[in-house]
Amino acid sequence: MKRVALFLLLALPVFGDVSPEYKVKAVLLFNFAKFVSWPAESLGGQDAPIIIGVLGDDPFGGALEDAIRGRNAGGHPIAIRRYERLEDVKGCHLLFISASEKSRQAEILSSFKTNAVLTVGDTEDFIQQGGMIKVTLVDRKPHLEIDARAAERVGLKIQAQLLELAKEERR
Amino acid sequence: MRRIRDIPLSRKLNWVIMSTCTVALLLACAGFSSYEWLTFRSAMPREQSTLAEIVGANCAAAVVFSDARSAERTLSALRAEPHVVAACLYTPDGRGFAKYSRHDVKWSVPALLADGYRFESDRLTLTQPVVYDSERVATIYLETDLRAIQDRLLRYALIVGTVLVVALLAAWAMSARLQRVVTDPILDLVETSKAITEKHDYSLRAKSYGRDELGLLVESYNQMLSQIQEREALLRSNRELQDFAYVASHDLQEPLRKIQAFGDRLKTKFGDVLAEDGRDYLERMQNAAGRMQTLINDLLSFSRVATKAQPFVPVDLRKVAHEVLSDLEIRIEQTGARVEVGELPTIDADPLQMRQLIQNLVGNALKFRREHIQPVITLDAHVNGEGLCRLTVKDNGIGFDMQYVDKIFGVFQRLHGRDQYEGTGVGLAICRKIAERHGGQITAESKPGDGATFTVTLLVHNNNGESNS
Amino acid sequence: MKNNGHGKRITILIADDDVDDRMLARDALAECRLANDVRFVSDGEELMDYLHRRNNYEQPGNAPIPGLILLDLKMPRKDGREALKEIKADSKLRRIPVVVLTTSKAEEDIYRTYDLGVNSFITKPVSFERLVQSMKTLTKYWIEIVELPPEKR
């Protein structure tokens with residue numbers, strides 16, 4: 001019974017209405033892929049897809065699929081993956097760490113210190129814990145915090161324009 | 001309004017050159033101006049499009065991530081381009097997102113227009129997509145005033161105008177100087193011509209400036225002058241000779257008359273005292289004197305054709321012919337000649353000279369008759385359609401060899417010795433002179449022993465009875 | 001004054017510049033066997049002097065008024081034409097008949113002298129015979145046949 005209820009809970013976001021916040025965040029997630037370039041070896045070819053992954057509870061529902069439908073980033077198609085456990089994360093380029101993993105966030109983030117994965121989250125201390133892009137909505141407008149050095153360290157290049165947007169907020 | 005043709009040559013040439021230059025320069029300026037205008041009208045949108053592209057590209061992230069403030073910051077960089085009046089960004093769904101407008105302009109975001117550029121009264125508006133990563137992320141709208149074009153064109157016009165004026169002035173100055181290359185020779189020729197005709201001085205010559213058509217004209221003009229000079233000299237010597245002939249023969253008459261008179265006196269008073277050979281000498285002397293008298297008379301007649309010429313009046317040649325025949329009546333009777341006169345017309349002529357002409361010809365016909373054959377002389381005339389009268393005197397006398405046909409009309413030219421036929425050989429020369437004075441000529445056709453036909457052509461209508469000889 | 005039986009006796013004045021012609025004229029007149037008084041002048045000036053009795057001809061009796069003037073046209077100083085004009089313009093001299101005796105056959109000479117009032121115009125003949133004939137006829141005509149106006153002193 002508990003399992004069914006959990007399943008329902010988990011499935012709810014998929015079948016039910018996605019909150020507008022996450023609709024916006026879904027689009028932002030996709031757009032990040034457009035403004036970031038991954039090192040060649042992590043992409044594996046011109047037509048190799050860029051994998052956007054969600055670790056933890058998926059708050060996006062179908063919004064991610066809606067956001068990426070018929071589009072690509074830098075010529076690469078986009079694929080969506082959902083992971084329950086950190087160990088499952090493999091070959092992902094852009095990972096959204098859900099708020100549900102908050103307790104283990106630091107541990108998760110530190111495990112990506114050597115991988116060319118763009119970590120995105122919306123928890124309070126995402127950046128402090130090692131995350132690269134923190135995306136929140138302020139007055140329904142996106143508010144970005146970016147740790148460019150963290151991204152650079154793993155070989156990711158974030159477009160200057162994007163950095164500019166986050167500049168003001170940067171510490 | 002003076003006719004164009006009457007304007008002085010140098011001025012005309014100047015105007016021709018200036019008109020040509022002006023038209024050429026105006027066309028060139030118009031051409032360049034049009035080109036400038038056209039290219040500017042196509043260059044400007046391109047330039048603005050590039051500007052919009054750059055600015056738009058810089059705003060891509062701002063639009064994508066909905067950072068209006070950042071976008072506006074970027075747009076405000078357009079301040080650097082003073083001709084940009086305003087600019088704005090639209091989100092993909094057509095909503096205005098960010099804007100910029102020049103400090104002196106009151107402006108609000110217009111509704112989204114279709115992509116492309118439009119020239120309005122004093123604005124160029126440009127709507128174009130902002131593309132990022134092959135996707136249209138926004139639409140940028142740029143509004144520029146045309147002052148750039150206008151300023152530029154004004155400057156251009158000023159320069160063109162100045163250049164035009166300077167060029168025309170230079171053209172004027174140059175043409176004023178250079179047209180002389182053409183007009184100087186011509187004007188010189190005109191001057192010389194005027195001087196010549198005013199002073200009747202044909203020794204003047206026009207100056208030749210080169211070997212072009214004008215030079216050739218001058219050359220032939222000068223040649224003509226030389227010819228005129230020669231003719232003048234010839235005419236003068238002609239006149240002098242005529243006067244001389246007249247005066248000389250006149251003055252020669254007097255001593256000749258004395259010779260004849262005293263010869264005659266000698267014969268009368270002392271004839272019987274002289275021996276036979278003395279009388280013979282006297283006889284020969286008198287004959288010689290008589291011949292000289294005839295010669296002088298003939299010479300006087302010849303010169304009188306020109307000097308004693310009378311103006312032309314209508315002369316009935318038939319009447320003249322009959323008068324001549326009545327004058328020659330005795331000779332006609334003596335020789336038993338038959339003279340037939342055909343239809344002779346009335347022509348403009350000197351009556352006395354016509355008489356002389358016909359008398360000489362008929363007289364010759366009688367003189368050069370064949371022995372033992374009745375002389376038959378026919379006078380006839382034929383007028384053709386062009387006002388020419390051909391008078392013919394035909395005889396059946398001794399004729400002459402055609403190789404002498406020109407000689408017989410020479411002065412004092414004879415084909416026979418004076419013991420064969422009398423006469424000084426001036427009769428036909430007088431006929432030719434008379435014919436020429438009447439605008440015609442005289443020719444002859446003959447075969448030895450078969451008579452001769454003399455043809456005189458005369459103009460039926462002739463109103464310059466003065467200067468035909 | 002000797003009467004030649006045919007009429008009055010007059011002075012014949014001959015004006016001619018040519019010495020030969022004067023001689024011939026004198027001989028011809030002599031041949032006519034006329035008893036008329038023949039005078040000669042050699043040019044127009046002398047002719048007028050004679051007629052006006054001036055200069056060389058001042059002496060009375062030196063220049064009897066002629067009853068006939070034989071005038072040559074071509075003369076130096078004053079030619080026959082001018083002299084003729086003067087004669088015919090002078091009321092006293094006008095009545096004297098003038099016969100122009102000249103070499104010129106030119107028509108204009110003829111017309112002009114008749115215009116001037118000459119009484120006769122005769123071309124000088126070449127043969128002496130004819131000259132004599134002319135003189136005879138002349139003198140016969142002008143002296144015997146024609147009524148000459150009476151001599152006025």
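What pattern does chain C follow when read along the sequence? In this predicted model, chain C runs β-α-β-α-β-α-β-α-β-α, and its secondary structure comes to 5 helices and 5 strands, where helices (H or I, at least four residues) and strands (E, at least two) are DSSP runs numbered from the N terminus.

Of the 153 residues in chain C, 32% are buried, a residue being buried if 20 or more other C-beta atoms, placed from the backbone, lie within 10 Å of its own. Among the contacts in chain C with a separation of 6 or more, 67% join residues 24 or more positions apart; two residues are in contact if their C-beta atoms, placed from the backbone, lie within 7 Å.

Confidence is given as pLDDT, the predictor's confidence in each residue from 0 to 100. Chain C has a mean pLDDT of 79, with 82% of its residues reaching 70 or more. Within chain C, confidence is highest in helix α2 (residues 44-52), at a mean of 90, and lowest in helix α4 (residues 107-116), at 69. Over residues 1-6 of chain C the pLDDT is below 50, and this stretch has 8 contacts in the model beyond near neighbours in sequence.

Turning to the neighbouring chain, 9 residues of chain B are in contact with 8 residues of chain C. The side of chain B that touches chain C has 5 charged residues (Asp, Glu, Lys and Arg), 1 nonpolar residue (from Ala, Val, Leu, Ile, Met, Phe, Trp, Tyr, Cys and Pro) and 3 polar residues (the others, Gly among them). For the complex, the predictor gives an ipTM of 0.83 and a pTM of 0.48.

Residues are numbered from 1 along each chain as its sequence is written, and chains are lettered from A and ligands numbered from 1 in the order in which they are written. Local features need pLDDT of at least 70 and side-chain atom pairs count only at pLDDT 80 or more, whereas totals for chains, interfaces and linings use all residues.

Notes
Buried ≥ 20, exposed ≤ 12 C-beta atoms within 10 Å, placed from the backbone.
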